[in-house]
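Trainee: I'd like to learn how to read cavities, pockets and aromatic pairs in a model. Can we go through one together?

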Amino acid sequence: MASSGQTSPSTEPFTPMRIAFIHPDLGIGGAERLVVDAAVGLQDLGHKVVMYTSHHDPSHCFEETRDGTLKVQVGGNTIVPRTILGRFYIICAILRNIHLALIMIMLNRKLEEKEKFDIIIVDQLSVSIPLLRWTGAKIFFYCHFPDKLLTKRESLLKKLYRLPVDFIEELTTGMADTIVVNSKFTANIFQQSFQRLRQVPEVLYPSIQFDKFDRTVDLSLPEVQVLMPADDSTISFLSINRYERKKDINLAIHAFARLLKDNTSSIKDRKLRLIVAGGYDTRVTENVEHHQELVQLAEAKYGLNTFTLTSGQTDKAAPADTQVLFLQSISDIQKLFLLQTARALLYTPTNEHFGIVPVESMYMKCPVVAVNSGGPTESVLHGKTGYLCEPEEVIWAETLNTLLKKSDQEVKEMGQAGHERVLGLFSLKAFVSKLNGILVQLQQGNGPSFESYGMFGSVHPIAIFSVIALALSIIIFYAK
């Protein structure tokens with residue numbers, strides 16, 4: 001929250017509220033998992049919840065957004081494309097977000113007073129916040145990580161056109177009534193990145209739905225059978241990340257190849273496999289390109305046998321000699337099976353904002369090897385629930401070897417320690433309870449507000465929108 005005090009989980013009675021979520025793309029990823037869990041949790045408490053998004057593909061989304069559990073409304077996708085010739089992604093994202101916000105405002109105005117939004121929860125893009133304030137609702141902004149730090153500025157032109165974008169982000173973020181982040185690491189980065197803001201964000205750790213992971217995996221399902229190695233004694237290391245370069249999946253391949261090359265006594269006569277799974281969208285150029293890059297790295301540089309299973313493919317299993325198996329957009333059941341059977345999860349991103357996958361892995365009693373930075377330093381206990389390592393292939397290869405040397409009982413004990421840690425810190429019940437407490441305080445007027453904490457005080461939204469329009473004009477000028 002935008003004050004230094006921490007909000008306790010909600011235990012007092014409250015009046016159900018009308019809550020809207022606005023999220024750019026309801027696909028499959030950690031941010032999407034978080035907002036879906038939040039929406040379902042708040043809805044289960046009795047709040048009326050609706051999700052607004054500019055893109056929702058029923059074949060590439062979480063189940064709750066397509067099976068009727070959550071009400072999803074799509075808008076802001078009819079005028080501005082996702083990209084222009086594969087470029088100008090952030091400009092298009094900003095314009096689509098503004099378009100979506102305008103649709104929300106018009107829909108809200110048609111509602112009776114008792115049906116209008118009480119709270120609007122915004123995440124990822126803050127540009128719509130000044131417009132959304134016209135609804136009269138309180139604005140809650142969940143910052144996964146400052147967007148200004150998620151882009152590379154390799155040219156002078158890119159640096160110039162990012163200047164107004166960065167200004168817009170800081171300006172509009174400061175207009176939220178409440179700001180929450182996903183980890184202490186992100187809170188520190190937030191304050192360093194937005195030094196003009198007076199808000200001190202509160203930490204609200206993401207969670208997982210335990211019941212989603214407590215299900216029994218039906219081994220007769222084709223989608224599960226296709227993942228089973230021909231040799232039951234095969235030991236698998238698992239990587240789960242979107243096919244994005246910033247996730248540094250290369251590190252897992254480098255370390256795995258080095259492990260095989262070293263050929264220590266712990267791996268002699270043992271069949272090992274690296275499984276690289278994660279979000280893959282054919283619309284996203286980087287996903288397509290990076291998958292090809294990873295295959296090239298494994299095959300051309302290291303001479304490893306690879307095989308790729310596309311999303312939903314069940315007609316052909318990986319050959320017995322496959323050393324690196326690539327999986328694109330796995331199902332929930334497939335994820336469960338992989339986490340149940342892997343020796344360890346390899347979580348390779350550096351300075352990851354939080355990282356929900358290590359939490360899921362620990363709940364499934366699968367030890368985690370992660371980079372010693374960012375969110376995983378708050379979730380993984382080094383030497384107890386897994387290992388935190390510098391992002392160097394030698395160190396990672398040695399760590400994988402250490403896990404191979406451990407007895408099955410020792411690995412089981414490490415997995416159990418991780419499971420107990422997740423039960424204590426990352427339950428969905430605790431997450432929703434604390435989130436609800438923040439929203440109740442905000443609605444009752446006890447929480448911070450834009451007027452008292454915002455960067456520019458009580459500036460009218462029209463003035464803010466004028467600044468945004470000017471900045472967008474500068475961006476488009478430089479983009480030509």
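Trainee: Which element supplies the largest share of the lining of the second largest cavity?

Mentor: Keep in mind that this is a predicted model. The general idea comes first: rolling a probe the size of a water molecule over the atoms shows where empty space is left. In this case, α4 gives the largest share of the lining of the second largest cavity, with three residues. Both α2 (89-110) and α4 (156-173) supply at least two residues to that lining.

Trainee: What volume does the second largest cavity have, and which residues line it?

Mentor: The second largest cavity holds about 90 Å³ of space. Among the residues around it are Ile 90, Ile 94, Leu 125, Val 127, Val 165 and Ile 168. Asp 147 and Glu 169 are part of the lining too. By class, the lining divides into six nonpolar, two polar and two charged residues.

Trainee: How many cavities of 30 Å³ or more are there?

Mentor: The count comes to four. The largest cavity has about 160 Å³ of space. It is lined by 14 residues, and the closest to its centre are Arg 33, Lys 212, Phe 213, Asp 332 and Glu 360. The elements that give two or more residues to this lining are α1 (30-44), α6 (210-213), α10 (332-341) and α11 (356-363). The largest share, three residues, comes from α10.

Trainee: How does the lining of the largest cavity divide into nonpolar, polar and charged residues?

Mentor: You'll find five nonpolar, two polar and seven charged residues there. While you're looking at Arg 33, check what its side chain does: its charged end sits over the ring of Phe 62, 4.4 Å from the ring centre.

Trainee: Now for an open site. Which residues are closest to the centre of the second largest pocket?

Mentor: Start with the volume, which is about 590 Å³ for the second largest pocket. Of its 27 lining residues, Phe 337, Leu 339, Gln 340, Thr 341 and Ala 342 are the closest to the centre. Here α10 again has the largest share of a lining, this time with five residues. At least two residues each come from β8, β9, α10 and α14 (408-425). The lining splits into 15 nonpolar, five polar and seven charged residues.

Trainee: On to the rings. How many aromatic pairs are there, and why is the pair of Phe 145 and Phe 185 stacked?

Mentor: There are nine aromatic pairs. To sort a pair, look at the angle between the ring planes: under 30 degrees counts as stacked, over 60 as edge-to-face. Phe 145 and Phe 185 have ring centres 6.0 Å apart and planes at 15°, so they are stacked. This pair joins distant parts of the chain, 40 residues apart: Phe 145 is in the loop between β5 (138-143) and α4, and Phe 185 is in helix α5 (residues 184-193).

Trainee: What about Tyr 243 and Tyr 280: stacked or edge-to-face?

Mentor: Their planes are at 90° and the ring centres 5.6 Å apart, so this pair is edge-to-face. Tyr 243 is in the loop between β8 (235-240) and α8 (249-262), while Tyr 280 is in the loop between β9 (272-278) and α9 (285-301), 37 residues apart. Both tyrosines are buried.

Trainee: Which residues form an aromatic cluster?

Mentor: Tyr 205, Phe 354 and Phe 426 form one.

Notes:
Residues numbered from 1 in each chain as written. Predicted model: local features only at pLDDT ≥ 70, side-chain atom pairs only at ≥ 80, totals over all residues. Heavy atoms only, no water. 1 Å grid on protein atoms, 1.4 Å probe; cavity = no way out; pocket = protein on both sides within 12 Å on 5 of 7 lines; lining within 4 Å. Points joined across faces, edges and corners; volume = space filled by probe spheres on them. Helix = DSSP H or I, 4+ residues; strand = E, 2+ residues; numbered from the N terminus. Nonpolar A, V, L, I, M, F, W, Y, C, P; charged D, E, K, R; others polar. Phe/Tyr/Trp six-rings, centres within 6.5 Å; stacked < 30°, edge-to-face > 60°. Buried < 20%, exposed > 50% of the residue type's maximum accessible area, 1.4 Å probe, protein only. Lys NZ or Arg CZ within 6 Å of the ring centre and 35° of its normal.
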